Amino acid sequence: MQAETKNIQFDRIRILESGQFVLECNINAEAEVRKLLCVRCDVYDVRAVAAAKQIAAAGKVGVKVVYETEGGVDSADYVTDFSKILTDESVTESTSVLLRASVADTETELAGSTVRVRTVVTLSPVAVDGAELEVFVSADGVCAKRDVITLTTLAGEVDRQFKVDDEYASGVSVQKILCYSADAAISKQTPAEKGLQIDGEICASVTYLSEGEVAQKNIVIPFCETIEAPDNASALLTVTVEKSSLTVGGKEGENVLALEVSARLSGFVFENVEGSVVTDVYSPVCELDFSRPCLNFDEICGEYTSRERIAGSVDIPEDDVDAKRVLCAEIAENDLVSAKAENGCITTEGVLSVCVVYEREDGAIYSTKIELPYALSHEARGVEAGDTVISSAACCDLYAKLKRGREIEVGAALSFVSYVVKHRETCVVTGLEEGAPVADAGDAIVVVSAAEGDTAWDIAKRLGVEESAVQRQNPSVGFPARGGEKIVVYRMLSV
């Protein structure tokens with residue numbers, strides 16, 4: 001017996017264990033710092049290369065601080081490169097890696113004119129590994145049961161930079177930019193003529209001095225990028241802000257803020273390919289010796305986006321003078337801790353930390369840090385418990401307001417994009433060899449009682465006849481059987 005085989009290729013998608021590192025830096029002010037008002041840390045330009053049992057990660061960490069000196073409110077920033085090694089026994093040189101990064105915590109200390117900042121950065125890798133399996137296709141005299149499965153194959157990696165810019169009239173005189181930050185979020189991906197269209201937005205927050213007072217403006221710039229992708233493709237992407245610049249123009253008293261942002265789409269494009277595999281075999285004339293291992297494969301079943309609002313409040317210390325007004329709010333950390341699949345929904349948990357700068361009744365400027373923990377459930381049809389979820393979150397809107405003299409409320413809109421990977425398992429036939437001949441049953445007509453759930457294949461295999469014969473000779477029986485139906489099979493017909 002000559003058996004025909006073929007190789008099938010596919011890719012596995014895995015979330016690897018996260019790693020953390022601590023970055024310490026000193027930011028020097030031009031004068032002694034009396035009070036630290038706001039700190040923001042960002043991780044960007046993150047890249048990863050896999051090697052044997054390890055991942056080499058590199059990127060940049062930017063720190064921005066707003067502080068008060070004897071001369072008034074001022075700001076400074078600091079940018080440094082980092083390179084770290086993550087170890088994982090399962091990683092090889094052929095593994096493709098997408099690295100997500102976030103700031104988990106920030107600690108500060110004042111020492112004269114120096115601001116010491118300690119930042120905890122979390123690196124979360126997603127690995128894609130290639131796999132292949134030789135499977136049985138056909139052989140003379142062998143009945144084969146075939147099932148269609150959807151295999152995910154890596155069609156290409158995405159590393160695309162793009163720029164967006166816009167201008168906004170402030171309506172006031174902008175004396176100095178104290179701090180500005182930009183975040184990016186993907187809102188949806190849709191099939192396009194030559195690939196996938198990725199829509200999203202850049203969300204920026206600008207803190208500035210106007211006539212000696214601190215003020216803030218939120219800016220939103222939409223973007224739309226098309227990446228190359230085959231038909232029936234899906235993408236697993238992150239978007240990060242690489243560089244941004246803010247200039248002040250226009251006429252005095254009505255300055256215009258011109259924002260230019262360079263962002264980067266990175267990730268993978270997958271092609272979902274349907275293929276036929278043999279999941280069971282038998283022969284009416286001989287016994288078969290064959291292997292039937294389980295094939296484990298992944299399928300990206302969907303991309304889910306949602307926008308949720310969260311809010312919280314904090315009381316200023318009792319020994320403080322009442323707050324007069326809120327001046328600005330800046331994100332300190334946006335740490336998405338976990339994303340979990342449940343039946344029909346995705347649950348995300350994390351903490352958004354916000355620095356709020358406010359003015360007291362006595363004219364002094366102070367700040368407080370508010371942590372907004374969240375556990376949000378997003379509707380996701382078709383998602384089941386046990387599916388793998390790869391999520392990211394961006395803050396698209398932020399506000400802070402004074403509710404009473406000693407209570408400040410903070411609210412934010414968080415934009416989530418989640419990719420769901422289903423882990424499938426199918427037993428497939430691989431090697432096959434011919435065994436001993438099957439003894440002739442000798443019965444011309446066989447009548448059996450179907451068990452609940454029996455298919456025509458199950459009956460045919462049990463009786464050693466063609467599946468088509470069972471269906472043709474029992475047209476009134478519906479399969480799968482309800483149970484108890486009489487199945488009649490004619491082994492040979494007299495003319």
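I first looked up lysine 64, which lies over the face of tyrosine 180, at 4.3 Å from the ring centre. For this I used the rule that a charge sits over a ring if NZ of Lys or CZ of Arg is within 6 Å of the ring centre and within 35 degrees of the ring normal. I also noted lysine 35, which is placed over the face of tyrosine 366 at 3.5 Å from the ring centre.

I noted that this is a predicted model, in which local features need pLDDT of at least 70 and side-chain atom pairs count only at pLDDT 80 or more, while totals for chains, interfaces and linings use all residues. Residues are numbered from 1 along each chain as its sequence is written, and side-chain values use heavy atoms, with hydrogens and water left out.

**Aromatic rings**

I then turned to the aromatic pairs, of which the structure holds five. Rings of Phe, Tyr and Trp (its six-membered ring) pair if their centres lie within 6.5 Å, and planes under 30 degrees apart count as stacked, over 60 as edge-to-face and the rest as tilted. One of the five is the tilted pair of phenylalanine 162 and phenylalanine 223, with 4.8 Å centre to centre and 40° between the planes. Phenylalanine 162 belongs to strand 8 (residues 143-169) and phenylalanine 223 to strand 11 (residues 213-228), so this pair ties together parts that are 61 residues apart in sequence. I took helices (H or I, at least four residues) and strands (E, at least two) as DSSP runs, numbered from the N terminus.

**Aspartate 74**

I looked up aspartate 74 in strand 5 (residues 72-87), and at 18% relative accessibility aspartate 74 counts as buried. Which side chain does the side chain of aspartate 74 meet in a polar contact? The partner is the side chain of lysine 176, at 2.3 Å. A polar contact is a pair of N or O atoms within 3.5 Å; within protein, one must be able to donate a hydrogen and the other to accept it, and residues adjacent in sequence count only if both atoms are side-chain atoms. Leaving out residues up to four places away in sequence, I found that aspartate 74 touches Val65, Val66, Tyr67, Lys176 and Leu178, where contact means heavy atoms within 4.5 Å.

**Strand 7 and its partners**

I followed strand 7 (residues 114-138), which is joined to strand 1 (residues 4-15) by 12 bridges in an antiparallel run. Two strands pair if DSSP finds at least two bridges between them. In this pairing I noted arginine 12 opposite aspartate 129 in strand 7. Strand 2 (residues 19-28) also runs antiparallel to strand 7, with 10 bridges, and phenylalanine 21 stands opposite valine 121 in strand 7. Strand 6 (residues 96-111) pairs with strand 7 in the antiparallel sense over 15 bridges, with valine 97 opposite alanine 127. The hairpin of strand 6 and strand 7 has two residues between the strands, and there glycine 112 takes a positive phi near 70°.

I traced an open sheet of three strands in the order 8-13-12, with antiparallel pairing. Strand 8 and strand 12 (233-251) stand at its edges with a single partner strand each, so one side of each is left without a neighbour in the sheet. Neighbouring strands of this sheet are turned by 5° against each other on average, direction ignored. Strand 8 and strand 13 (residues 254-282) pair over 26 bridges in the antiparallel sense, and in strand 13 the bridge partner of glutamate 167 is alanine 258. Helix 1 (residues 456-463) lies across strand 8 and strand 13 and runs at about 30° to strand 13. For such angles, axes are lines fitted to C-alpha atoms, for helices over the stretch in contact, and angles run from 0 to 180 degrees between N-to-C directions.

I ended with the open sheet of three strands in the order 15-20-19, where the pairing is antiparallel. Strand 15 is joined to strand 20 (residues 407-427) by 21 bridges, and leucine 295 has threonine 426 in strand 20 as its bridge partner. Between strand 19 and strand 20 I noted 15 bridges, with threonine 388 opposite valine 421 in strand 20.

Methods
Buried means under 20% relative accessible area, exposed over 50%, partly exposed in between (1.4 Å probe, protein chains only).
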